[in-house]
Amino acid sequence: MKKIVEIVVPQLAESLVSATIDRWLKQPGDSVEKYEPICELLTDKVTAELPATYSGTLKKILIGNGETVPVGTSIALLETDEEIIGDNVVPGESEAPINPSVEKGSQAATDAAAPMRNRFSPAVQQLAAEHGVDLTKLSGTGLGGRITRKDVLAYVESGAHLKAETLLVEKPVAEVRSTGIHLSETPRLPKIEVEKSSVPGHGESFIDVTPIRSAIARNMVHSSTQIPHGWTMIEVDVTNLVLLRNKLKDEFRKREGVNLTYLAFLMKAVVNAIKDYPIMNSSWAEDKIIVKRDINISLAVGTEDSVLTPVIKNADQKNVAGLAREIEELARKTREGKLKLDDMQGGTFTVNNTGSFGSILSYPIINYPQAAILTFESIVKRPVVINDMIAVRYMANLCLSLDHRILDGVICGRFLQRVKDNLESYNLESTLY
């Protein structure tokens with residue numbers, strides 16, 4: 001028997017309280033497959049696709065494009081003939097009534113302490129779909145019995161699931177020229193509404209503030225007003241690095257299928273310096289300083305309409321080649337608007353490649369609540385003095401903003417010097433693996 005179930009805004013993250021409907025990917029009357037995206041949600045961190053929890057037909061859209069609603073709000077009705085577990089069946093909409101005694105018995109068998117057990121995040125649903133896992137068979141270890149990615153991965157590794165053999169054909173990805181992490185491809189721009197003016201040729205343009213732009217504004221104000229910023233800069237000779245990259249980039253591209261950028265070498269130099277100066281990998285907590293054990297590098301990724309900071313987890317455990325692959329993957333996700341909330345969380349230190357658009361000196365704002373942010377400026381040829389002789393070398397500036405509650409000039413100067421030493425230690429014999 002067919003039933004009508006509500007599609008609700010899920011709890012994508014503990015701090016998320018609302019989301020905005022960006023656009024509907026399905027319209028009433030369209031058939032929907034299980035885990036198929038039906039709409040895009042704008043949160044204060046990323047744009048996330050909301051997949052259907054059942055196969056069926058989209059009957060009604062309750063919330064239109066551009067509307068912001070709290071987590072848990074019903075946004076659509078879906079008609080399905082699948083067995084309903086834990087979801088809200090709309091009274092009076094089902095073709096067959098639900099037996100109250102059966103429903104009561106079913107709920108009695110459900111752990112009352114697990115209200116989130118059958119609320120699945122898009123990341124969990126996507127992972128389950130990739131491995132052919134029936135989420136109703138899993139027990140969640142997350143908050144309120146929620147099933148997490150770790151639960152799905154543990155279930156897959158146990159071999160308990162029956163995975164269908166599927167031929168995966170990857171679509172060729174169009175070549176997009178990029179410099180470092182910043183992209184040359186034009187992303188989707190905000191909607192611009194032009195106000196009519198009585199004076200010919202005059203008028204004002206209005207751009208709607210998206211949740212992401214609002215979050216950027218809020219976080220930047222919070223960072224600049226709450227953190228006492230300090231700033232310092234050091235000059236680095238990267239001539240040997242330029243020669244090394246030129247030597248390896250073509251072969252690396254053929255072997256790995258990704259670009260070998262200067263950012264990968266810089267990141268390796270930074271994480272090695274953080275190992276020597278772990279206080280750089282910390283945050284302020286009023287009565288204590290929290291020094292993070294994991295080194296998770298946030299990348300400041302700039303597009304024409306926003307700045308996002310996706311995270312490379314456990315960056316200290318990766319070599320230059322591994323970091324290059326991670327950077328390329330994050331760049332692709334950013335370019336396609338497919339960053340997940342998990343991609344944006346857990347950063348402990350931020351690196352930015354401002355040199356990709358020609359900057360030679362910048363004063364970055366710290367990515368709250370981290371203690372520091374480092375920018376890599378443009379590599380330019382400059383005349384320098386070596387052994388009392390003038391030589392033309394490839395030079396670059398490293399600019400560091402620091403939280404002066406945690407860090408002081410001496411420790412940051414030593415940290416920058418160590419990053420400089422690490423970058424200048426690259427030579428033609430250096431390896432990527």
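This is a chat about a predicted model of one protein chain.

Trainee: Before we start, how do I read the numbers here?

Mentor: Residues are numbered from 1 along each chain as its sequence is written. The model is predicted, so local features need pLDDT of at least 70 and side-chain atom pairs count only at pLDDT 80 or more, while totals for chains, interfaces and linings use all residues; side-chain values use heavy atoms, with hydrogens and water left out.

Trainee: What's the accessible surface of the protein chain?

Mentor: About 23,300 Å², and 52% of that belongs to carbon and sulfur atoms. Accessible areas come from the Shrake-Rupley method with a 1.4 Å probe, and for residues only the protein chains shown count as cover.

Trainee: OK, inside now. Which residues have the most contacts in the largest nonpolar core?

Mentor: Leu266, Ile297, Phe349, Leu398 and Phe415, in a core of 59 residues. Helix H6 (residues 262–276) gives the most to this core, with 11 residues. A nonpolar core is a set of buried Ala, Val, Leu, Ile, Met, Phe, Trp, Tyr and Cys residues joined through side-chain atoms within 4.5 Å.

Trainee: Which residues does Leu398 touch?

Mentor: Leaving out residues up to four places away in sequence, its partners include Thr232, Met233, Leu266, Phe376 and Leu423. Contact means heavy atoms within 4.5 Å. Apart from that core lies another one, of 20 residues, with Val9, Ile38, Leu50 and Ala76 among them.

Trainee: Why would nonpolar residues group like that?

Mentor: In soluble globular proteins, nonpolar side chains tend to be buried together.

Trainee: What about a nonpolar patch on the surface, which residues form it?

Mentor: Trp231, Met233, Ile360, Leu361 and Tyr363, with about 500 Å² of accessible area together. For patches, residues need over 30% relative accessible area and no salt bridge; like charges are joined within 9 Å, and nonpolar side chains (Val, Leu, Ile, Met, Phe, Trp, Tyr) within 5 Å. Trp231 sits in strand E13 (residues 229–237) and is partly exposed at 38% relative accessible area.

Trainee: Switching to helix H3. Which of its residues are buried?

Mentor: In H3 (residues 149–157), those are Asp151, Val152, Tyr155 and Val156. Down the axis of H3 they fall within an arc of 135°, so they line one face of the helix. That arc is taken from the directions from the helix axis to the C-beta atoms. The face turned away from the buried side carries the exposed residues Lys150 and Glu157.

Trainee: Why do helix residues line up on a face?

Mentor: An α-helix has 3.6 residues a turn, so residues three or four places apart point the same way.

Trainee: Now charges. How many salt bridges are there?

Mentor: The count comes to 14 salt bridges, each being a side-chain nitrogen of Lys or Arg within 4 Å of a carboxyl oxygen of Asp or Glu.

Trainee: What does Lys313 pair with?

Mentor: Lys313 forms a salt bridge with Asp342, and their closest N and O atoms are 3.7 Å apart. The two are 29 residues apart: Lys313 is in the loop between strand E18 (311–312) and helix H7 (320–336), and Asp342 is in helix H8 (residues 341–344). Lys313 is partly exposed at 27%, and Asp342 is partly exposed at 40%.

Trainee: And are Asp343 and Lys333 buried or exposed?

Mentor: Both are buried. Their side chains meet in a salt bridge at 3.2 Å, N to O. That pair links helix H8, which holds Asp343, with helix H7, which holds Lys333.

Trainee: Last one: what's up with Pro369 and Asn387?

Mentor: The peptide bond from Tyr368 to Pro369 is cis, with omega near 5°, and Pro369 is in the loop between E19 and E20. Asn387 has a positive phi, near 55°, in a residue other than glycine. Asn387 lies in the loop between strand E21 (380–386) and strand E22 (389–403), and at 73% relative accessibility Asn387 counts as exposed.

Terms used
Buried < 20%, exposed > 50% of the residue type's maximum accessible area, 1.4 Å probe, protein only. Helix = DSSP H or I, 4+ residues; strand = E, 2+ residues; numbered from the N terminus.
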